[in-house]
Amino acid sequence: MEENKKGEQLLKRGIEDTLVTDFATENRSSYGDFLELKTLLNIQKTFQDPAEPDEMLFLIIHQVSELWLKLMHHQLVEVRRFLQKDEFGPALKNIDRIKAIQRQLIAAWETLQTMTPADYLTFRDALGNSSGFQSYGYRQIEFILGNKDTSTMKVHAHDPEVMEALNAALVKPSLYDEVIKMLARQGFDVPQELLERDFSEPYSGDPRIVKIWVEVYQDIDKYWDLYALAEKLMDVEALFQRWRFDHATAVERVIGMQKGTGGSSGVAFLKKALELKFFHDLYDMRSQLIYSK
């Protein structure tokens, strides 16, 4: 009997007397208030009523991904700010967080792949012309990482608020532009035209900057901070490529080589993105470093 009573007590944890339970008191916010859960958990408006079984999966996966993209962009802005002040430690710490966020984004594709082609067919027509290409959160990340392509902004022309945000992101120096500026402040011979260039244009690499990175990698003891920064930037690039690859793989598993929503060629369009690079100099440096005599 005693053992049974102990077992029942263990099952009935209850709550501690000190826990706050009265939220009717003025200016006392709850967990739900702080996170605005009534709003957050009620914005999953499915395309069909009643919803098809996999609609909720599709909707939440993409909404959660947009939140991760928002946080990733926030952290990239922080990294850029720290680089502007030559604060290596905080910059590297924030890049580690960005990498963790990227892994969360990659994991989302694994969950999405539990949706079969038959599942997707039940609600695909309801998507209309919507497409992930239209994500302005993703576009902000591409811009701050240096892939500045004004043609990608056309799909947002109908939304002045989004266009204002994207135009502001377009003209600001990318993360790597700030790295180049930092190299100059560190005493390296960086051409002035690179420091004063039109930052709304994409940067595709420069042999003079590649030469600087070769010097850094040939003496990592002397330039450890720069070396560590460069390698973490390559980590971000690699994870971004993996995210793109897993995206294309997930889409191909569901729709094959059919055209995507929003008018794209589908998987073929996604695979083209695998050819894009952000940190050209860091790639080019590797060839020169490995094969230099």
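Let's start with isoleucine 43, which counts as partly exposed because its relative accessibility is 40% (buried is under 20% relative accessible area, exposed over 50%, and partly exposed in between, with a 1.4 Å probe and protein chains only). Keep in mind that this is a predicted model, where local features need pLDDT of at least 70, side-chain atom pairs count only at pLDDT 80 or more, and totals for chains, interfaces and linings use all residues. Residues are numbered from 1 along each chain as its sequence is written, and side-chain values use heavy atoms, with hydrogens and water left out.

Isoleucine 43 sits in the loop between helix H3 (37-40) and helix H4 (55-84); helices here are DSSP runs of H or I with at least four residues, strands are E runs of at least two, and both are numbered from the N terminus. Together with Leu40, Leu41 and Leu67, Ile43 makes a nonpolar surface patch of about 360 Å². Patches take residues with over 30% relative accessible area and no salt bridge, joining nonpolar side chains (Val, Leu, Ile, Met, Phe, Trp, Tyr) within 5 Å and like charges within 9 Å. The areas come from the Shrake-Rupley method with a 1.4 Å probe, and for residues only the protein chains shown count as cover.

Now follow H4 onward. H4 packs with helix H5 (residues 88-112) at an angle of about 165 degrees, their axes 9 Å apart. Axes are lines fitted to C-alpha atoms, for helices over the stretch in contact, with angles from 0 to 180 degrees between N-to-C directions. H4 and H5 are therefore roughly antiparallel (over 145 degrees; under 35 is roughly parallel, 65 to 115 roughly perpendicular and the rest oblique). Their crossing is left-handed, meaning that the near helix is turned anticlockwise from the far one by less than a right angle, while clockwise would be right-handed. In the loop between H4 and H5 you'll find aspartate 86, with a positive phi near 55 degrees in a residue other than glycine. Glutamate 36, in the loop between helix H2 (31-35) and H3, also isn't a glycine and has a positive phi of about 50 degrees.

Next, the charges. Side chains of opposite charge can pair when their charged atoms come close. A salt bridge is a side-chain nitrogen of Lys or Arg within 4 Å of a carboxyl oxygen of Asp or Glu, and by this rule the count comes to 15. In H5, lysine 99 and aspartate 96 are three residues apart, about one turn of the helix, and form a salt bridge with their closest N and O atoms 3.7 Å apart. Lysine 99 counts as buried because its relative accessibility is 10%, whereas aspartate 96, at 36%, is partly exposed.

Helix H12 (residues 224-255) holds aspartate 246 and arginine 242, four residues apart, whose side chains meet in a salt bridge at 3.8 Å, N to O. Aspartate 246 is buried at 18% relative accessibility.

Finally, look at helix H9 (residues 175-185) and helix H11 (residues 207-218), which pack at about 65 degrees with axes 12 Å apart. That makes H9 roughly perpendicular to H11. Arginine 208 bridges to glutamate 193, the closest N and O atoms being 2.9 Å apart. Arginine 208 lies in H11 and glutamate 193 in helix H10 (residues 192-195), so the pair ties together parts 15 residues apart in sequence.
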